[in-house]
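Subject: Structure handover

Dear colleague,

I am passing on a structure that you have not worked with before. Please open it first, and then read the notes below alongside it.

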Amino acid sequence: MDKLKQIEAFVAVVEKGSLARAALEQNITPVMLGRRIDALEKRLGVKLMHRTTRHQTLTEQGNVFLEDCRKLLSGLDVAERNISEGRHKATGHLIVSAPASFGRQHVAPHAPAFLAANPDVQISFNLTDQVIDLVREGYDLGIRIGGVIDPSFVAVRLAKNRRVVCGTPEYFERHGIPRTLDDLAQHNCLAFNLQGGQQRGWYFQQGGKPVTVRVQGNLDCNDGELLHRWACESLGLAWRSTWEIQAQLAEGSLITVLDDFALPDYDIMAVYLQQRHLPAKIRFFIDELKEVYAQPGYWTRPTALVPASVAATGTRQLPPSP
């Protein structure tokens, strides 16, 4: 017989003053309630109360045990209430991993507004381009851009994104425009080198199938913002996410090439371990990011004044091939 039910039966009989009233409240028969108290006394090896058909009188041991039982049940009620509120009210410590550049620009800046609306939450960020083992490292949430997601995790798309090859008009004027994937071998490609990274290849689709193209160049690094800067300085081609270069595309300082080969989905995702009841702190933060990212013009905010012809199209005419 369940220990908790035995304790609840004991406390109910004392507080209601009779087996009948306690049984009515618990929606069981007085006989069943009496059996639970008998089982409790037998398990404890002590007499808790003297019972007659009309009255119940606590023994000395029963009186001491009653106070402990009340504290136990009260603590259980608090624990259940707290865990239930955690599903509907954001509380606790939220630990988030995100790519370094994206996290600095598009995740961490939205934390103050989230905390203002959810003052019982504390947030810790780890901004790194390394792929974090969320479970082993103790993270609640990971922000990922593209890539394969472990089936034991849930991936929620926060915003659409693509990976594209880009360069400046000045670079293309000097080196020509790649028209096929094989043409990349003739270009200086600025690759991400963390854990092998993009030096293993840039990913595309060709004929409806994924393909990997090995690239090489005279500059590589493990920092996405530096690769972005080098591309803007006409030092080579970069394989970047559209979220990162939208402003430059709008003003025409960067141009995309090989768009027909770009992967269709390299989306920005929130990733968390599958669980039956997702804590509100995770759910609410995901909702906050989705709402912010869906704001009109969020991803295309220009960093400089853009000519009307460029602002209308978001593109710039490519120079002719040499």
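The structure holds 10 salt bridges, and since you will be looking at a predicted model, every value in this message is a computed one.

One of these pairs joins Glu15 to Arg70, with 3.3 Å between the closest N and O atoms. This pair links distant parts of the chain, for Glu15 belongs to helix α1 whereas Arg70 belongs to helix α4 (residues 60-88), and the two are 55 residues apart. Arg70 counts as partly exposed because its relative accessible area is 32%, a value that falls between the limits of 20% for buried and 50% for exposed. Glu67 also takes part here, as Glu15, Glu67 and Arg70 are linked in a network of salt bridges.

A further salt bridge brings together the side chains of Lys281 and Asp140, at 3.8 Å from N to O. Here too distant parts of the chain are linked, with Lys281 in helix α11 (residues 280-293) and Asp140 in the loop between α7 (134-137) and β5 (141-145), 141 residues apart. Lys281 has a relative accessible area of 13% and is therefore buried.

Glu41 and Lys47 form another salt bridge, in which the closest N and O atoms are 3.7 Å apart. Glu41 is buried, at 8% relative accessibility, while Lys47, with a relative accessible area of 42%, is partly exposed.

Leu19 is buried, with a relative accessible area of 19%, which is under the 20% limit. Beyond its neighbours within four places in sequence, Leu19 is in contact with Val13, Pro30, Leu33, Gly34, Ile37, Arg51 and Gln56. Leu19 and Val31 are 12 residues apart in sequence, and their C-alpha atoms are 8.4 Å apart in space.

For the protein as a whole, there are 12 helices and 14 strands, and 42% of the 322 residues count as buried. Among contacts with a separation of 6 or more, 74% are between residues 24 or more positions apart. The accessible surface comes to about 17900 Å², and carbon and sulfur atoms account for 50% of that surface.

How values were computed:
Residues are numbered from 1 along each chain as its sequence is written. This is a predicted model: local features need pLDDT of at least 70, side-chain atom pairs count only at pLDDT 80 or more; totals for chains, interfaces and linings use all residues. Side-chain values use heavy atoms; hydrogens and water are left out. Buried means under 20% relative accessible area, exposed over 50%, partly exposed in between (1.4 Å probe, protein chains only). Contact means heavy atoms within 4.5 Å. Helices (H or I, at least four residues) and strands (E, at least two) are DSSP runs, numbered from the N terminus. Accessible areas come from the Shrake-Rupley method with a 1.4 Å probe; for residues, only the protein chains shown count as cover. A salt bridge is a side-chain nitrogen of Lys or Arg within 4 Å of a carboxyl oxygen of Asp or Glu.
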